[in-house]
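Okay, thanks for making time, everyone. Let me put the structure up on the screen and walk you through it.

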Amino acid sequence: MVREQLEARGITDAEVLAAMGAVPRHLFVQEALRVQAYEDTPLPIGYGQTISQPYVVALMSQLLELRRGMRVLEIGTGSGYQAAILATMGCTVFTVERLRELYQSTASLLRQLGLRGIHMQRRDGTLGMPEAAPFDRIIVTAGGPEVPRPLTDQLDEGGILLIPVGPRPRAQRLMRLRKEQGRMVSEDMGPAIFVDLVGDHGW
C-alpha cells in the first residue's frame, strides 16, 4: 500500500509514510471487507459513512504539514483511522463524531488499540471544540457548503485548516486555509468527494 499507492502517487512526507505503514488499516473496517482494507478505495463503515481511501488519508495528512506535539482538531472521527494516523505521527488529537453508534464503536476500538493522545467527543463537529482551543491544525473529513466560522475562530495564528467545501453535497474542492495575522488565506487543492458535513454550519 505505502509503496504502490502512496509513494508512487507523490506522497513524500516520511512521517506520513511511516504512520501509514504502522497503523493496521484492516482493523478499522468491517470484518467482511477486511480483504479489501489495503486497496486504494473508500469502504463503507455503516451509518452512511465511509473510511477514505489510503491515498486521500495520506494526502490530507501531508497537506497539514504536521510536526510532533501539535494539537489537531479532527471533525468527523468516522472509523478512527485518520485519528490513529495523526496520533501515530506524534500529534495530540481532539476528534468529534456526530453519530452515537459510530462514536461508541470507534471509541471502543481506539481504547483496544491503546493509542495515546486521542480525545474523542460526540457533538456537532461544525461547532468545533472551543474548550480545547486553540488548535495548530484542523482537519475536516466531511464536505460542507462553507467553512464553519467556529473552526476558523478556534485555529491558532499560523495554523492550517483543511476542509472540503462546495455548493452541492459530495461535490467539493479540498481547501487549505492558513491563518495569517488573523486573516484566512485559502488554497484550492483540487476536487474532492466526501460524505456530508452535517450540523449548524453544515448541510
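Ala18 sits in helix α2. Keep in mind that this is a predicted model. If you jump 46 residues along the sequence, you get from Ala18 to Leu64, and the two C-alpha atoms are 16 Å apart in space.

Let's go to helix α3, residues 54-63. Nine of its ten residues are buried, so the helix is largely enclosed by the rest of the structure. Among the buried ones are Tyr55, Val56, Val57, Met60 and Leu63.

After α3 comes Glu65, and its phi is positive, near 55 degrees. As a reminder, most residues other than glycine have a negative phi. Glu65 is not a glycine. Glu65 is in the loop between α3 and β3, and at 33% relative accessibility it is partly exposed.

Which other residue does this? Have a look at Tyr47, again not a glycine, with a positive phi near 60 degrees. Tyr47 is in the loop between β1 and β2. Those two strands make a hairpin, with two residues between them. The strands β1 and β2 run antiparallel and are joined by three bridges, and within that pairing Pro44 is opposite Thr50 in β2. As for Tyr47, its relative accessibility is 48%, so we call it partly exposed.

While we're on backbone geometry, there's one more spot. Most peptide bonds are trans. The bond from Ala133 to Pro134, though, is cis, with omega near 5 degrees. You'll find Pro134 in the loop between β5 and β6.

Now the sheet. How many strands does it have, and in what order? It's an open sheet of seven strands, ordered β5-β4-β3-β6-β7-β8-β9, and the pairing is mixed. At the edges are β5, residues 118-122, and β9, residues 183-192, each of which pairs on one side only. On average, neighbouring strands are turned by 20 degrees against each other, direction ignored. Helix α5, residues 100-113, packs on this sheet and touches β4 and β5. The direction of α5 makes about 160 degrees with that of β5.

Zoom in on β3, residues 71-75. On one side, β3 runs parallel to β6, residues 135-140, with four bridges joining the two. In that pairing, Val72 stands opposite Arg137. The pairing of β3 with β4 is also in the parallel sense, over five bridges, and there Glu74 stands opposite Thr95 in β4. As for β3 itself, four of its five residues are buried, so to speak mostly covered by definition.

Back to α5 for a moment, because I'd like you to look at Thr106, which lies in that helix and, at a relative accessible area of 3%, is buried. Leaving aside neighbours within four places in sequence, Thr106 is in contact with Thr77, Gly78, Ser79, Gly80 and Met120.

Last topic: aromatics. The count comes to two aromatic pairs. Let me show you one of them, Phe28 and Tyr81. Why do we call that pair edge-to-face? The ring centres are 5.5 Å apart and the planes are at 65 degrees; over 60 degrees counts as edge-to-face, so the pair falls into that class. Are they buried or exposed? Both Phe28 and Tyr81 are buried. Tyr81 also has an arginine over its face, namely Arg25, at 5.0 Å from the ring centre.

That's my tour, so over to you.

Note on methods. Residues are numbered from 1 along each chain as its sequence is written. This is a predicted model: local features need pLDDT of at least 70, side-chain atom pairs count only at pLDDT 80 or more; totals for chains, interfaces and linings use all residues. Side-chain values use heavy atoms; hydrogens and water are left out. Two strands pair if DSSP finds at least two bridges between them. Axes are lines fitted to C-alpha atoms, for helices over the stretch in contact, and angles run from 0 to 180 degrees between N-to-C directions. Contact means heavy atoms within 4.5 Å. Rings of Phe, Tyr and Trp (its six-membered ring) pair if their centres lie within 6.5 Å; planes under 30 degrees apart count as stacked, over 60 as edge-to-face and the rest as tilted. Buried means under 20% relative accessible area, exposed over 50%, partly exposed in between (1.4 Å probe, protein chains only). A charge sits over a ring if NZ of Lys or CZ of Arg is within 6 Å of the ring centre and within 35 degrees of the ring normal.
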